Amino acid sequence: MKQMTIPQAVAEALHQVMAADPAVFLIGEDLAMGGVFGAAKGLKERFGPARVVDTPISETSFLGLGIGAAMSGMKPVVEIMFCDFLGVCFDQLMNQAAKMRFLSGGTVSLPLVIRTTMGAGDGSGAMHSQSNYGLAASVAGLRVACPSNSADAAGLLKTALEGPDPVVIFEHKGLFDVETPADPELPPVPFGKARTLRQGADVTLVAIAAMVPVALAAADHLAKRGIGVEVIDPVTINPLDREAILASVAKTGRFAVLDEGAAFAGVADALVSLVVREAFRSLKAAPAAITPPHTPVPYAPALEAAWLPDAARVEAAILKMMEDV
Amino acid sequence: MNASTSSNKSAGRGRRASKPAVYEASPEELLKFYRDMLLVRRFEEKAGQMYGMGLIGGFCHLYIGQEAVCVGVQSALKDGDAVITGYREHGHMMAAGCDPKGVMAELTGRSGGCSRGKGGSMHMFDPAKGFYGGHGIVGAQVSLGTGLAFAAKYKKTDNVAVAYFGDGAANQGQVYESFNMARLWNLPVIYLIENNQYAMGTSVARASSEIELYRRGESFKIPGKQVDGMNVLAVRAAMDEAVAHCRAGKGPMILEMKTYRYRGHSMSDPAKYRTKDEVQKMRAERDPIEQLRELLLDGGHTDEAALKEMDKEVKALVADAAAFATESPEPDAAELYTDVLA
Ligand SMILES: Cc1ncc(C[n+]2csc(CCOP(=O)(O)OP(=O)(O)O)c2C)c(N)n1
Ligand SMILES: [Mg+2]
């Protein structure tokens, strides 16, 4: 095992896949310098400008270009620097990429990967801090992955490139300075296989991306009070490992989801809905959705800290659930 | 790289390359230009320092080097005219007469900030001063600026809108959709390109098939002009022409200001994509404030002592803003839920 950050692991995975498969190319803004977060480090030097394509600030068209190239068998990795900028090119994502297979009756494949970053916590303000994977996941025809560590970030990228479908990978900036262990070969990570990071008998807590360490910290604290929290990282949002979540709820009888995405009509709501519909009879308490408030991400450090869910909020929500008999 | 060299080159190519026109300013006007540019520079230097001290977080894009543009542009506008730009907007706000205290306190994320701490460096507004933001998504303000001009025409005023954007933003598709509508409907909008040669780490030549950005309106029949954006008098002269064009109902105009940013793209940019020499040369030979300082002194309009006094006064203003921005209380957590919808 090697300690790596997410950008390091992604860069290494890209080195490996680009060396192995000439159909893979990278396209996005400021990649030649190694990418603004370092996830393209050394690629331009090694593979040249034909395969590491620096673009003008033209998201709509370079995403569209990537989709077009994928239609004819290339494997583009399109980088959208911040997921907030998906707003600029959302038509290409929602109408072109997502519907191509369906509208062509399966005759057109789209082995396209979109890498983007997300997340609040660093004072980047309302247009560089969102976590809008729920928006992408709400569109049928897109796969959506949310790695919580370096091994998953690299492995999901590899799986995405092996598959025939458009995949959006949301990497959380708040995790970029954290080194996590990864097998240096960076093996592919399967889609739709949740990971149970901690066993517990009392509450099932699903946490996504940067909320995973928050959930683990809360589970630690609650364990000291005799409450067993089972922490599940879904790894991908679409496909979603419903079975893993429902099996855990069947065991614990309580469900909470910790999600930095939308407070309304987002992934948290979708998971609560799933559990209520499919595991109603096992529930001993009303499920809890722990999300930021339904507001834009504020800049002021004091407000941003209040906006982001932390371990204390998770603990409070779970303690309340435990009282709810 | 040198602005005048490029305009010479373009003079041979484009029909509308600029004659090097300069505004004939009175001594009072010259002094005001000087003071306004100095305020922008001192404000930005202070913001840079405060960022270094950890009082400002996240992104912070300094305007140092480009002062002649916002000061020259603003001086040509009148009440009711509208200005909109991207995230490198502190200078435009100083030029528009916004309170330095409110701007600095927004940078520190305090309740006294002009967006009450919610917006931060990239998202600030002062509609009372005709300043409509402060936008974090590259290029988005170009459509909005077109809308400000639409409103001015709709309301039958003779006001204009200035939509500032960068050389990098010039490659966003919505810029061209805006160009087309603005000319189709003859909207009074000045598309003001601040060509500071770089978009983050990407030089104009690496991102643009046509590097003479003032020509980007040709297929929309929008006249364009390239201007020495390091010379406040050249900026003002070009603006006078563009404003007259717009107020006369002739539709949009493009002004490409050749300028330069001295600092990195944002505070976290080590600027490895250019040489220190390149920056040094620009500072030494083309600095907008130094150029005007020489003009003032050579023309006998002022003396060293008076300029020093002015600098002291400007620095005091900025120090006040910094003190306010440090002392203003943090916003109450309840503020999270306000202003989301009316
Ligand atoms: C839609 C979108 N894409 C990318 C970015 C990231 N970004 C911020 S500033 C910038 C460069 C813009 O350069 P330019 O327009 O020349 O303005 P300057 O920074 O030089 O003032 C980029 C790529 C963004 N904020 N929005
Ligand atoms: Mg620029």
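1. Two residues are taken to be in contact if their C-beta atoms, placed from the backbone, lie within 7 Å. Please keep in mind that this is a predicted model. On that criterion, 34 residues of chain B are in contact with 28 residues of chain A. The chain B side of this contact is made up of 14 nonpolar, 16 polar and four charged residues.

2. Which chains surround ligand 1? Residues from both chain A and chain B do, so the site is shared between chains. There are 19 residues around ligand 1, and those that come nearest are B:Val138, B:Gly166, B:Gly168, B:Ala169 and B:Ala199. Sorted by class, the shell around the ligand holds 10 nonpolar, five polar and four charged residues.

3. Chain A is assigned two domains, with domain 1 covering 2–182 and domain 2 covering 195–323. Their C-alpha centres are 26 Å apart. To the contact between them, domain 1 of chain A gives 25 residues and domain 2 of chain A gives 21 residues. On the domain 1 side, the elements that supply two or more residues are helix 6 (133–137), strand 6 (143–145) and strand 7 (167–172) of chain A. That side of domain 1 of chain A divides into 11 nonpolar, 12 polar and two charged residues.

4. Two packed helices are described by the angle between their axes and the distance between the axes. In chain A, helix 8 (residues 211–224) packs on helix 12 (residues 311–323) at an angle of about 55°, and the axes are 8 Å apart. The two helices are therefore oblique to each other, and their crossing is right-handed. Helix 8 of chain A contributes A:Val214, A:Ala215, A:Ala217, A:Ala218, A:His221 and A:Leu222, which meet A:Ala311, A:Val314, A:Glu315 and A:Ile318 of helix 12 of chain A. By class this contact has eight nonpolar, one polar and one charged residues.

5. In chain B, helix 3 (residues 67–75) and helix 9 (residues 232–247) pack at an angle of about 40°, with 8 Å between their axes. How are helix 3 and helix 9 of chain B set to each other? They are oblique, and helix 3 of chain B passes helix 9 of chain B in a right-handed crossing. From helix 3 of chain B the contact uses B:Ala68, B:Val69, B:Val71, B:Gly72, B:Val73 and B:Ser75, and from helix 9 of chain B it uses B:Val232, B:Val235, B:Arg236 and B:Met239. The classes here are seven nonpolar, two polar and one charged.

6. Also in chain B, helix 6 (residues 140–154) and helix 7 (residues 173–184) pack at an angle of about 20°, with axes 8 Å apart. An angle under 35 degrees counts as roughly parallel. Helix 6 of chain B and helix 7 of chain B are therefore roughly parallel to each other. Their crossing is left-handed. On helix 6 of chain B the residues involved are B:Val142, B:Ser143, B:Thr146 and B:Ala149, and they meet B:Gln174, B:Val175, B:Ser178, B:Met181 and B:Ala182 of helix 7 of chain B. This contact has five nonpolar and four polar residues, and no charged residues.

7. The backbone has some points to look at by eye. Most residues other than glycine have a negative phi, and most peptide bonds are trans. The peptide bond from A:Asn238 to A:Pro239 is cis, with omega near 5°. A:Pro239 sits in the loop between strand 12 (236–238) and helix 9 (242–252) of chain A.

8. In chain B, a cis peptide bond joins B:Gly133 and B:Gly134, where omega is about 25°. B:Gly134 belongs to the loop between helix 5 (100–107) and helix 6 of chain B. B:Arg116, a residue other than glycine, has a positive phi, near 55°. Where does B:Arg116 lie? B:Arg116 is found in the loop between helix 5 and helix 6 of chain B.

How values were computed. Residues numbered from 1 in each chain as written. Chains lettered and ligands numbered in written order. Predicted model: local features only at pLDDT ≥ 70, side-chain atom pairs only at ≥ 80, totals over all residues. Domains from an automatic or database assignment. Helix = DSSP H or I, 4+ residues; strand = E, 2+ residues; numbered from the N terminus. Nonpolar A, V, L, I, M, F, W, Y, C, P; charged D, E, K, R; others polar. Near = placed C-beta within 6 Å. Axes fitted to C-alpha atoms, helices over the stretch in contact; angles between N-to-C directions. Parallel < 35°, antiparallel > 145°, perpendicular 65-115°, else oblique. Left-handed = near helix turned anticlockwise from the far one by under 90°.
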